[in-house]
Amino acid sequence: MNIAVFASGNGSNFQAIYDATQRGDLQANITIVVCDKPGASVIERAEKVGIPTLVCSPKEFASKAAYEQEIVKELATKKVEFIILAGYMRIIGEVLLKQYPNRIVNIHPSLLPAFPGKDAVGQALKAGVKVTGVTVHYVDAGMDTGPIIDQVIVPIGEADTREQVEHHIHFVEHRFYPEVLQRVLTKQTLKA
Ligand code: GRF
């Protein structure tokens, strides 16, 4: 199945997903990486492995709909059937949701519905919780509100620093996301 990965930053999850496709653990082809932040490291990561990128900043468009229409057009040329968000820091709008119904998933660094939105790790530390985790969910019009597909727990140790918790969460994400995606995409293929 042809997939697009959307990311805004470092792209370590993109890398983990790409590596899983190369090992054959995730049966999918990443045909494009979409990035809304010129200069983000994910662009270099994609270029390094020869995956086409679409880098476009929403600021250059008259509206969110116009921005997403441009993306949809590009995704069509790359025959994208499914969208994977991996650190894409924007709410998905109507245009993409309509074009890819139940075909957009996201990863979030908390046990949703706890700590949605930005800085989930900071929110968890502030709340003093002893366990947090990672959630993979379908995307709807809200912020981290779509149906949950799977979750995994990450404990927070008494003396853990923010960096340690973030590192642990990333470590878990890099294994968990490709594995969940393989299950989701297999289901999609059977449905089709
Ligand atoms: C991840 O922690 C993910 O859960 C969140 O954004 C972060 C992206 O990290 N949505 P990276 O760019 O993949 O390294």
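## Ground rules

Helices and strands here are DSSP runs, numbered from the N terminus: helices are H or I with at least four residues, strands are E with at least two. By that reading, His108 sits in strand 5.

Keep in mind that this is a predicted model, where local features need pLDDT of at least 70, side-chain atom pairs count only at pLDDT 80 or more, and totals for chains, interfaces and linings use all residues. Residues are numbered from 1 along each chain as its sequence is written.

## His108

His108 is what the UniProt annotation "active site" covers, and that comes from an unreviewed entry. UniProt positions follow the numbering used here, feature names are shortened, and annotations may be inferred rather than shown by experiment.

Is His108 buried or exposed? His108 counts as buried because it has 23 C-beta neighbours inside 10 Å. (Buried takes 20 or more other C-beta atoms within 10 Å of the residue's own, exposed 12 or fewer, and partly exposed is in between; C-beta atoms are placed from the backbone.) Skipping residues up to four places away in sequence, His108 touches Ala120, Thr135, His137 and Asp144. Contact here takes C-beta atoms, placed from the backbone, within 7 Å.

## Around the ligand

His108 also turns up among the residues around the ligand, along with Ile107 and Pro109.

By class, the shell has 4 nonpolar, 7 polar and 1 charged residues. Ala, Val, Leu, Ile, Met, Phe, Trp, Tyr, Cys and Pro count as nonpolar, Asp, Glu, Lys and Arg as charged, and the others, Gly among them, as polar.

## The annotated binding site

The unreviewed UniProt entry also has a "binding site" annotation, covering Lys64, Met89, Arg90, Ile91, Ile92 and Asn106. Lys64 is part of helix 3 (residues 64-77), and it is partly exposed because 16 C-beta neighbours lie inside 10 Å. Beyond four places in sequence, Lys64 is in contact with Pro58 and Gly93.

Met89 lies in the loop between strand 4 (82-85) and helix 4 (94-99). With 13 C-beta neighbours inside 10 Å, Met89 counts as partly exposed.

## Pro116 and Asp144

Pro116 is in the loop between strand 5 and helix 5 (120-127). Its C-alpha atom is separated by 5.7 Å from that of Asp144, 28 residues apart along the chain. Leaving out residues up to four places away in sequence, Pro116 touches Met143 and Asp144.

Technical notes:
Near = placed C-beta within 6 Å. Contact = placed C-beta atoms within 7 Å.
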